[in-house]
Amino acid sequence: MLEHKIRILADAAKFDASCSSSGAPRRDSAGSKGIGSTGGMGICHSYAPDGRCISLLKILLTNWCIYDCLYCVNRESSNTPRARFKVEELVALTMDFYRRNLIEGLFLSSGIIRSPDYTMEQLMLVAKKLREEERFRGYIHLKSIPDCSEELLTEAGKYADRLSINVELPSDAAMKTLAPEKDIGDIKRAMGRIRLAVDDNKEARKARAPRTMAGAKPRIAKPPRFAPAGQTTQMVIGADDSNDASILRTSTTLYRNYQLRRVYYSAFSPIPGAPAALPSRAAPLMREHRLYQADWLMRFYGFECEEIATDGGMLSLDIDPKMAWALAHPEHFPVDLNRASKEMLLRVPGLGPKSVQRLLTARRVRSLRTDDLQRMRLPRKRVLPFVVLPDHRPGSKDVAALVQEDRQAAAPVQGDLFADPMPAAPAVPRLEAC
């Protein structure tokens, strides 16, 4: 019976991409009572059937749901096998998996049952029992229910490292069409409550009591952390006609207003018995990949949304958005690697924030040459077509060859993300790979 539940509810959780454990504080059980940790040695990983390295027990409390969102495989009208865990079952399962070194933490979401408050209370109880009864010190990510009470959300933040609420779709119009029972206002209000609680908690932990004696340390109990790894969200891409520019504008607004750690993008995949209002084909996985790259460029490289998207509002599937911008603005290239500003160096294909900082440090003491790029382990093949050095000037053929190579490597992947057999997904974008 337990194996049957795991099979159904773990499979139902695979559509939620926002389960990264980055950003959690260092915490372990060394020198104290308890079990588990959020990082460091001794954490093992398990592997999904498609080869992805995973370290979290990613599962739903239940896939029953009172809502009927058209794009969701767990919607009320979906003809899919249903299951539900009891709170005690899920706590025992998490501890058993951790003790066997299969996981390093828990990512817990759920369909909505009875009411938002009842569902959120069940999720919160799982985290509370893990922390207080089992002394679990590992990572916990709870998927929050948008229109639950503020008290439950506050309580959940005491036990979870990260809270997340899926904004679901890129636009209000898409929400009204594909998820009419959900209110985008409720989702944003819940995001706002989490941000305020995180900010208030940070300020409270900084507070210091006045000293009563010279040299005496203040004695004040700091409040427990509230969701120290912040909050994230996820958007389904390709279920509606929103273009990439509108998706990136929505992401920019969410980052600015709610201080999100990440916006995750999930390529739409057709589901059994899908309504006619949904596309019949899956969104290209390369589109999802390009959105992640563009997201990185806006957050860490100083790009604006309008600079990245094309006139039609879409990102190129053939070449990455940073390369596309460089090709569209030849007036800025080649860049003098010994004189260019930090902002301009960040726009050179192949250079990321860390490598740019190394270049800025190195050129303070000497004039950089081609061999220096190799010593600094920079991707010379990608960088040299766009820069000038005392012993190097690029040729037009260098750029053309690089673009052709990128286009051949970036053949768009079509189809269902979770079809069998699994198509090879693009690599997760890394900061230095843009």
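Author: Two residues are in contact when heavy atoms of theirs lie within 4.5 Å of each other. The model discussed here is predicted.

By that criterion, Asp295 is in contact with Leu248, Ser251, Tyr255, Val263 and Tyr265, leaving aside its neighbours within four places in sequence. Asp295 is found in helix α8. Its relative accessible area is 1%, so Asp295 is buried.

Next comes the helix pair itself. Two packed helices are described by the angle between their axes and the distance between those axes. Helix α7 covers residues 244–258 and helix α8 covers residues 285–300; they pack at an angle of about 45°, and their axes are 11 Å apart. That angle makes α7 oblique to α8. The crossing of the two helices, α7 and α8, is right-handed.

On the α7 side, the residues that meet α8 are Asp244, Ile247, Leu248, Ser251, Thr252 and Tyr255. On the α8 side they are Arg287, Leu291, Ala294, Asp295, Met298 and Arg299. Sorted by class, this contact of α7 with α8 has 6 nonpolar, 2 polar and 4 charged residues. Asp295, the buried residue described above, is one of those in α8 that meet α7.

Now the salt bridges. Side chains of opposite charge can pair when their charged atoms come close. The structure holds 16 salt bridges, and some of them are described here.

One of them joins the side chains of Asp161 and Arg131, at 2.8 Å from N to O. This pair links distant parts of the chain, 30 residues apart: Asp161 is in the loop between α4 (150–159) and β6 (162–164), while Arg131 is in helix α3 (residues 116–132). Both partners fall under the 20% cut-off for buried residues. Asp161 is buried because its relative accessible area is 1%, and Arg131 is buried because its value is 16%.

A second example stays within one helix. The side chains of Asp186 and Arg189 meet in a salt bridge of 2.6 Å, N to O. Asp186 and Arg189 are 3 residues apart in helix α6 (residues 184–206), so about one helical turn separates them. Asp186 has a relative accessible area of 22% and is therefore partly exposed. Arg189 is also partly exposed, with a relative accessible area of 47%.

Glu307 and Arg347 form another salt bridge, in which the closest N and O atoms are 2.7 Å apart. Glu307 lies in helix α9 (residues 305–308) and Arg347 in the loop between α11 (342–345) and α12 (353–362), so this pair ties together parts that are 40 residues apart in sequence. At a relative accessible area of 28%, Glu307 is partly exposed. Arg347, at 12%, is buried.

Of its 434 residues, 50% are buried. Among contacts in the chain with a separation of 6 or more, 69% are between residues 24 or more positions apart.

Conventions:
Residues are numbered from 1 along each chain as its sequence is written. This is a predicted model: local features need pLDDT of at least 70, side-chain atom pairs count only at pLDDT 80 or more; totals for chains, interfaces and linings use all residues. Side-chain values use heavy atoms; hydrogens and water are left out. Axes are lines fitted to C-alpha atoms, for helices over the stretch in contact, and angles run from 0 to 180 degrees between N-to-C directions. Helices (H or I, at least four residues) and strands (E, at least two) are DSSP runs, numbered from the N terminus. Angles under 35 degrees count as roughly parallel, over 145 as roughly antiparallel, 65 to 115 as roughly perpendicular and the rest as oblique. A crossing is left-handed if the near helix is turned anticlockwise from the far one by less than a right angle, and right-handed if clockwise. Ala, Val, Leu, Ile, Met, Phe, Trp, Tyr, Cys and Pro count as nonpolar, Asp, Glu, Lys and Arg as charged, and the others, Gly among them, as polar. Buried means under 20% relative accessible area, exposed over 50%, partly exposed in between (1.4 Å probe, protein chains only). A salt bridge is a side-chain nitrogen of Lys or Arg within 4 Å of a carboxyl oxygen of Asp or Glu.
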